[in-house]
Amino acid sequence: MAADNPIDPIHQFEISKIAPIQIGGVDISFTNSSLFMVFAISAVFLLFTLGLSKKSIIPNRMQMLSEMSYNFIANMLRDQVGDQGRAYFPFIFSLFLFIFFCNFIGLIPYTFTVTSHLIVTFAFAALIFLAVTIIGFVKNGLGYLRIFYPSGIPVYLAPLIVPIEIISYLSKPISLSVRLCANMLAGHSILKIFAGFTVMLGFLGFAPLVFLVVLYALETLIAALQAYIFTILTCIYLNDALHPDH
Amino acid sequence: MSDTNHKPPTDLKEKIDQAKSKYISNKKNETKSFGKVMKVVVEIVAAMAVGLGIGILIDNYFETRPIFIIVFFLLGSAAGILNVFRVAKSLQKN
């Protein structure tokens, strides 16, 4: 069906196997998704090796970029979590850079957007959720369970409040992953649909083309913004785990 | 030589620290509120979905189909509103 129609906005999200690998009946093929993850990591690696190869006092552009991104995340972590968050900086920083580069590489035509697949973002969110829960229990012991029973609530309300709090807590990884995935999925679909209009309308296609340019700028903003939001929410969850009393 | 040179760097350092503290305190409120605003959007739906999921799981296990789905969907909705309420409250504080 899709092959008949040259304009197919969903085609960009299809996963194709580049090198099929099967180990013990489990499909761990190297797909185009894996390829673009490798690209994202290579881009990060390149930025930091090139940027920090010449450590000059007056930085060149690459060094500036890498130092600015470092400062940006370091400040964010300090604002949200405080000094105890310092230990988690490498993870937060890697997370931000990976999502940021995945989003931006996905904006280049003919590429694949890794973060537009819910399974990828959910894997991140679930990992963060589990890690934050474990950190909470390690740092606070069983006292961490207090987050399900806020102080100042009468005992007879506990059967109502505790399930609500538990559901609220469990909804964190879902809202975190769906937000990133839905933004990337919707944005890229709309871009493709309007690009399709441009082709179909022929001469009149300049109208959607103008819109497309504006939309592309918006998508660029969203790509950066969603990486930022994913990271800042991770920081907020981490803060909740380290300081459950607020 | 080293004595005469000693004073200016400390002044400069003070200046940098002052500038930094201003910058950080300004930025702090900005980043915090912004992250929280964006949090609201998906929050209700996610809480509802979790409530519904728990309801379906319990109902499948005990074979009491509609009861727990209804109960947990309502609890999930309440959790979603609670999430949004919290975000709004923390925004008001800033």
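This is a predicted model: local features need pLDDT of at least 70, side-chain atom pairs count only at pLDDT 80 or more; totals for chains, interfaces and linings use all residues.
1. In this note, a residue is called buried when its relative accessible area is under 20%, exposed when that area is over 50%, and partly exposed in between (1.4 Å probe, protein chains only). At 17% relative accessibility, Phe101(A) therefore counts as buried. Phe100(A), with a relative accessible area of 23%, is partly exposed.

2. Residues are numbered from 1 along each chain as its sequence is written, chains are lettered from A and ligands numbered from 1 in the order in which they are written, and side-chain values use heavy atoms, with hydrogens and water left out.

3. The overall plan of chain A comes next. Helices (H or I, at least four residues) and strands (E, at least two) are DSSP runs numbered from the N terminus. Chain A has six helices and four strands, and along the sequence the pattern reads β-β-β-β-α-α-α-α-α-α. Of the 246 residues in chain A, 44% count as buried. The accessible surface of chain A comes to about 13,400 Å², with 75% of it belonging to carbon and sulfur atoms; such areas come from the Shrake-Rupley method with a 1.4 Å probe, and for residues only the protein chains shown count as cover.

4. Contact means heavy atoms within 4.5 Å. Among the contacts in chain A with a separation of 6 or more, 65% are between residues 24 or more positions apart.

5. Which residues have the most contacts inside the largest nonpolar core? A nonpolar core is a set of buried Ala, Val, Leu, Ile, Met, Phe, Trp, Tyr and Cys residues joined through side-chain atoms within 4.5 Å. The largest one has 52 residues, and those with the most contacts inside it are Ile73(A), Leu97(A), Val132(A), Tyr169(A), Leu176(A), Phe230(A) and Leu238(A). At least two residues of this core come from each of helices H1 (32–51), H2 (61–80), H3 (89–107), H4 (118–140), H5 (158–200) and H6 (206–242) of chain A. H6(A) gives the most to this core, with 14 residues.

6. Phe230(A) gives a detailed view of the packing. Not counting residues up to four places away in sequence, Phe230(A) touches Leu95(A), Ile99(A), Thr121(A), Phe124(A), Ala125(A), Ile128(A), Leu176(A) and Leu180(A).

7. Val120(A) has its place in helix H4 of chain A. With 12% relative accessibility, Val120(A) counts as buried. Leaving aside neighbours within four places in sequence, Val120(A) is in contact with Met37(A) and Val114(A). The C-alpha atoms of Val120(A) and Ser177(A) are separated by 8.4 Å, although these residues are 57 residues apart along the chain.

8. Aromatic rings form a further theme. Rings of Phe, Tyr and Trp (its six-membered ring) pair if their centres lie within 6.5 Å; planes under 30 degrees apart count as stacked, over 60 as edge-to-face and the rest as tilted. By this rule there are 21 aromatic pairs over all chains. One of them joins Phe100(A) and Phe101(A), an edge-to-face pair at 5.8 Å centre to centre, with 75° between the planes. Phe72(A), Phe96(A), Phe100(A), Phe101(A), Phe104(A) and Tyr228(A) form one aromatic cluster.

9. Side chains of opposite charge can pair when their charged atoms come close. Asp83(A) forms a salt bridge with Arg86(A), the closest N and O atoms being 3.5 Å apart. Both Asp83(A) and Arg86(A) are exposed.

10. Which residues form salt bridges between chains? The side chains of Arg86(B) and Glu165(A) meet at 2.4 Å, N to O. This pair crosses from helix H2 (residues 65–93) of chain B to helix H5 of chain A. Arg86(B) is partly exposed at 36% relative accessibility, whereas Glu165(A) is buried at 6%. Arg179(A) and Glu43(B) form another salt bridge (3.9 Å, N to O). Arg179(A) lies in helix H5 of chain A and Glu43(B) in helix H1 (residues 2–62) of chain B, so this pair also joins two chains. Arg179(A) and Glu43(B) are both buried.

11. Finally, zero disulfides (pairs of cysteine sulfur atoms within 2.5 Å) are found over all chains. Cys102(A) is buried, with a relative accessible area of 2%, and Cys181(A) is buried at 8%.

Definitions and conventions
A salt bridge is a side-chain nitrogen of Lys or Arg within 4 Å of a carboxyl oxygen of Asp or Glu.
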